[in-house]
Amino acid sequence: MRLLLTWIGFALLLPAAGAANSVVWHPKARTFDMNVRAMGLEQLLGVIKAETGWEVLVEPGLKGRVGVKFREKPAADAMRLLLGDKRFSLVPRTKGGTRLMVYESNRRGATQQVAAAMLAYEEAEPLGQGRDDGRLLTLKVKVHHLKSSYASINADSKLTNIRPLLAGVNEMWQSTNIRFVADRPLPMRAADRDAEKAFAGLFKPGVSATAVAQLQSRILHKMLPDLPDRGKVFHIVVIYTMPRAYGAVYLPAKGMVLMPQVKFAALVDANGVWKDGSPVFFAQSNILAHEMGHSLSLPHVATQGNLMIDGKLREGGGVGPGDRLTAKQIIAARRQAFSGGPYVPGLNPKPIKPK
Ligand SMILES: [Zn+2]
């Protein structure tokens, strides 16, 4: 098997020693930023699958090593750079997601599904030092999926790769030079049996919207655990559904964004392929981007088109909140991001001790 090395730009763009490999996908622009030093072809294709949610098929036995570094390359150009002399076809589909096929001579040879592979999260340098020079702030996100005997709570563990959604979130947060990087999804158990039962009870017929509004928050705060790294790391908890078609919500006391899986489950098929061009996909990443805004201490605003618009004030038939942030919001979000963790009242930022 021939060794594949894509040398374009590699020698002069060698990253600093110890710098992590990174594959960043921008789903709206359909471009990639990549900084990959020397990775096996199949692993890199697995990473691309995990980040994009594409279907990736490869010819069995096709091997190679890839080293590339580039920014904002349209998807097909990016594939050409990293695949070198391998052939490929990249087909967006109206139903289902994008399909990438990689082969030696004939596309019919690309029969093997590539499994999603995730780059392990690597600790970036501490954030809290010095003044804000506008540099890229990489924030660690732990993703959890709730395990429960109640169907309304129990998330399907096969649908927990939310990296494509997070790619959409990061694209909206690009103007702030803040990037959320997810760790591997982990199962989570409810902290309280009674609260679990009470939450499931909110779905019973006859429970009014008012009752849900009054009870839900209290139940969730009892049901979800107080994690030891609360306020130090961002947490996204995937729950199966929420009553009354609630979208995602940030729970400041827990330092968690709660994300109902049912809202995006229809976008993902059994092979983990995302309908990456669907308006629902962008709506869901927009909603998650809004909640991440709350986690970065941003309150609601009344400005149409702003990412943090109060859902009740939003006009028009658009699918999500806006995606704009003001200069003031960017400063506030970066100030919070510098702590490395989400806004948790009384915990992060630390309360100032009276003199
Ligand atoms: Zn909100």
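A nonpolar core is defined here as a set of buried Ala, Val, Leu, Ile, Met, Phe, Trp, Tyr and Cys residues joined through C-beta atoms within 7 Å. A residue is termed buried if 20 or more other C-beta atoms lie within 10 Å of its own, exposed if 12 or fewer do, and partly exposed in between, with C-beta atoms placed from the backbone. The model is predicted, so that local features require pLDDT of at least 70 and side-chain atom pairs count only at pLDDT 80 or more, whereas totals for chains, interfaces and linings use all residues. Residues are numbered from 1 along each chain as its sequence is written.

The domain assignment gives domain 1 (22-113) and domain 2 (137-337), with bounds taken from an automatic or database domain assignment. The centres of the two domains, taken over C-alpha atoms, are separated by 29 Å. To their contact, domain 1 contributes 16 residues and domain 2 contributes 14 residues, two residues being in contact if their C-beta atoms, placed from the backbone, lie within 7 Å. On the side of domain 1 that touches domain 2, the elements giving two or more residues are β1 (22-26) and α1 (41-52); helices (H or I, at least four residues) and strands (E, at least two) are DSSP runs numbered from the N terminus. The largest share of this side, three residues, is supplied by α1. By class, this side of domain 1 comprises six nonpolar, seven polar and three charged residues, where Ala, Val, Leu, Ile, Met, Phe, Trp, Tyr, Cys and Pro count as nonpolar, Asp, Glu, Lys and Arg as charged, and the others, Gly among them, as polar.

The largest nonpolar core contains 87 residues, of which Leu44, Val169, Val237, Val238 and Leu258 touch the most other members. This core lies between domain 1 and domain 2, because both give residues to it. Apart from residues up to four places away in sequence, Leu44 touches Val36, Met39, Val66 and Leu82.

The buried residues of α5 are Ile219, Leu220 and Met223, and their cover includes α4 (193-201), β12 (249-251) and β13 (256-260).

Asp85 is located in the loop between α2 (75-83) and β5 (87-91). Asp85 counts as exposed because it has 9 C-beta neighbours inside 10 Å.
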